[in-house]
Amino acid sequence: MSAADFRDMSLDQLDDQLLKLKKEQFNLRFQKASGQLENTSRVRRIRRDIARVQTIAREKRAGEVKAAG
């Protein structure tokens with residue numbers, strides 16, 4: 001997904017998406033360890049999507065604190 005897609009999500013949706021991506025990352029690591037991983041570029045994409053979600057969630061939380069303060 002692109003960063004714009006993630007920015008349209010609420011914080012709860014971002015947390016759910018992060019959980020989903022981390023589960024997928026775990027499954028990909030398991031496949032790699034057992035020699036069943038076919039699409040190795042998927043690992044990199046998932047890792048970067050996790051970073052995007054975490055960054056956008058952090059920005060949104062900082063925006064909430066600034067608006068409330």
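Q13 sits in helix α2, where helices are DSSP runs (H or I, at least four residues) numbered from the N terminus. This is a predicted model, in which local features need pLDDT of at least 70, side-chain atom pairs count only at pLDDT 80 or more, and totals for chains, interfaces and linings use all residues. Residues are numbered from 1 along each chain as its sequence is written, and side-chain values use heavy atoms, with hydrogens and water left out.

On confidence, pLDDT is the predictor's own score for each residue, from 0 to 100. The protein chain has a mean pLDDT of 94, with 99% of its residues at 70 or more.

| Helix | Residues | Mean pLDDT |
|---|---|---|
| α2 (highest) | residues 11-34 | 97 |
| α3 (lowest) | residues 41-68 | 93 |

How do α2 and α3 pack? Their axes (lines fitted to C-alpha atoms over the stretch in contact, with angles from 0 to 180 degrees between N-to-C directions) are 9 Å apart, at an angle of about 155°. The two helices are therefore roughly antiparallel (an angle over 145 degrees). By class, their contact has eleven nonpolar, three polar and nine charged residues; Asp, Glu, Lys and Arg count as charged, Ala, Val, Leu, Ile, Met, Phe, Trp, Tyr, Cys and Pro as nonpolar, and the others, Gly among them, as polar.

Back to Q13: it is partly exposed, at 42% relative accessibility. D49, found in helix α3, is buried, with a relative accessible area of 8%. The cut-offs, with a 1.4 Å probe and protein chains only, are under 20% for buried, over 50% for exposed, and in between for partly exposed. Leaving aside residues up to four places away in sequence, D49 touches M1, F6 and L21, contact being heavy atoms within 4.5 Å.

How values were computed
Angles under 35 degrees count as roughly parallel, over 145 as roughly antiparallel, 65 to 115 as roughly perpendicular and the rest as oblique.
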